[in-house]
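Let's take a friendly walk through this model together. Have the sequence and the 3D view ready.

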Amino acid sequence: MKNRNNHLNFTLFIVCLFVAISCKGKLGSSGGVEQADNLSKTLIGYLPKNTLAFHYWDFSLPGYQKYKNSNWHKAATPTSFVEGWNVTGNELIATLPEILKQNGVTLEDKLVIENLFSEGAAYLLGQSDNAKATEIEYGVVVKARDEQKLAGLTKSIKDYALQKQLQPLDMQIDGGQGFSIAIKDKYDPKQVVDVFIGQKKNLAAIASKKETLIQILATTTPSSPVITTEDKYKKAVRSIPGFDQLYGFGYADIEQLSNLLSSVNQVNQDIINTLKNQPLISLVYAWAMNDHPYSEAVLNIKPDADSASLPRQFKQSSSESLLQMYGAAPSLLLSLDGQTVHNLLATAANANSQTPVPAMALTTIKDIERLSILAKVNTAGQSFLPIPDLVIAVQTAKGEELQTTLKSTIAPFMSLAAGNTSWQTKQINGTTVTYNNTPLNLGVYLASTKGHLLVTSSETQMNTILGAGGKSAQSLATLLPAKAQDALALKQSIMSFYLDFNDLATALQNAQGMMQMSGNQNDALSKALEPKQLEMLRKLGRLSASLKLEDNVLRFQTAYAPGSAQQ
């Protein structure tokens, strides 16, 4: 009898095969698809009517063609998932790269994969009209550019199954070929799951149920799943871009999936109660490309969601005042709403009494409006230690009180590092700065100004902030294209994030120099730090991201922009 381990392994099989034939593109999105009916003309039209979630990509759309010719595509490497095949515990998954290679499909070569497959979709199915769900049903369907190559790939999988005694059994597919494989769990050979594989012309499918596979391959008039006709789908899909920029997206009816999971056998009562009370309606996300890759993921929240539910813990605030003070582009920015941090910690403390959050910590955090971390990487060879200059900025009305608390907390650590606990003061641009330094010129600098408590690791960074004087109100944002500015969401967000990959490559280069000096070499790390790899990293440019809350919608955005290595 199949158990949940079987289904987990098959899920991994589906995911791995999907990733293998997918691209390493960036999640993309934003805009507004008004032509949702176009979806029935894609492979989504071949999915079963009771599909509750799907992931779709298309290598032929104009958005992907622009992405394929960009530096971001050149910098994307598929080796990470190639190296991870064996950990799945699934015999077929572990050898899938070799099967693909025998048919001229090399996972390390993205263009070979893209030239074989034009589009594909992965899916999860809901309960059919005449049967109660006892397990989750799932699969993948792909369309190949070359029917003969696809037939060769299908035959290779079957030949491998025969060789490994996976009991391939032929299936009757009208106008095509099909078979099933009994896949054993690598770590528990007694556990077996049936996989159904079929091909008809340039269409191939993998499914957990024979009937579903036959249904997909027998489709003559594509027609979208029922969920794509519902109002909540149409509302969700408005946030994804038009077909001129889109090249992949996904949708999940979380509400129906939760109901399905709660009815599946072998799910305990606690999980059932959690699923029934979960606060989400749906998820939609997309990949897109205009001049740069960008993305959006939208979670729709139930209007009547309980105030104690996770989405209701999120609040928003602004990062603008901090960036006005900083007056420069950091290498890294992570900015979080203070009330959100407090709410999540309080929720965690209530949920786990064995590891309580100290009451003083919760009281202190409650007074924080915004918590931000910035880092600036030194030029290669400029710093003795490969450590970026750090800034922690706490937006709070109680900066002086928090500064006193921090000094007493930090003192023991400074004693260990510098041999003393004495704090000194100096004036920088009219602001009193309290500091404690180490012989290596790494220390702690504290100052309260303009509603912020500033903590820096160097005098240079404190000078950068206190000396900026509001020279450039949007110094970081103005360096970014409009899409990246929107993704950074400095005016209002739960979280804002920024990373300069050129500076990250420089930081790794600095670390490499320290490793060479110390004689502490690691082959895998050394390979990752090769000049070619660092150059590819620089090509990624700059990444902006944010998490926002908008009228019962949680919106996560990302956008890339060129960096200095791409000018």
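Where is the place of Asn552? In this predicted model, Asn552 sits in the loop that runs between strand E19 (542–549) and strand E20 (553–561). Its backbone is worth a look: Asn552 is not a glycine, and yet it has a positive phi of about 65°. The residue is partly exposed, with a relative accessible area of 28%.

Asn429 belongs to the loop between strand E14 (424–428) and strand E15 (431–437). Here too phi is positive, at about 55°, although Asn429 is not a glycine. With a relative accessible area of 58%, Asn429 is exposed.

Now let's turn to the interior. In soluble globular proteins, nonpolar side chains tend to be buried together. The largest nonpolar core here has 48 residues, and those with the most contacts inside it are Leu47, Phe54, Tyr56, Val141, Leu213, Phe249 and Tyr251. Take Val141 as a guide: leaving aside neighbours within four places in sequence, its contacts are Leu43, Leu47, Gly120, Ala121, Leu203, Ala204, Ala205 and Ile216.

Finally, look at a pair of helices. The axes of H10 (residues 254–263) and H11 (residues 269–277) come within 8 Å and cross at roughly 165°, which makes the two helices roughly antiparallel. The crossing of H10 past H11 is left-handed. On the H10 side, Ser258, Leu261 and Ser262 make the contact, and H11 contributes Ile272, Leu275 and Lys276.

Note on methods. Residues are numbered from 1 along each chain as its sequence is written. This is a predicted model: local features need pLDDT of at least 70, side-chain atom pairs count only at pLDDT 80 or more; totals for chains, interfaces and linings use all residues. Side-chain values use heavy atoms; hydrogens and water are left out. A nonpolar core is a set of buried Ala, Val, Leu, Ile, Met, Phe, Trp, Tyr and Cys residues joined through side-chain atoms within 4.5 Å. Buried means under 20% relative accessible area, exposed over 50%, partly exposed in between (1.4 Å probe, protein chains only). Contact means heavy atoms within 4.5 Å. Axes are lines fitted to C-alpha atoms, for helices over the stretch in contact, and angles run from 0 to 180 degrees between N-to-C directions. Helices (H or I, at least four residues) and strands (E, at least two) are DSSP runs, numbered from the N terminus. Angles under 35 degrees count as roughly parallel, over 145 as roughly antiparallel, 65 to 115 as roughly perpendicular and the rest as oblique. A crossing is left-handed if the near helix is turned anticlockwise from the far one by less than a right angle, and right-handed if clockwise.
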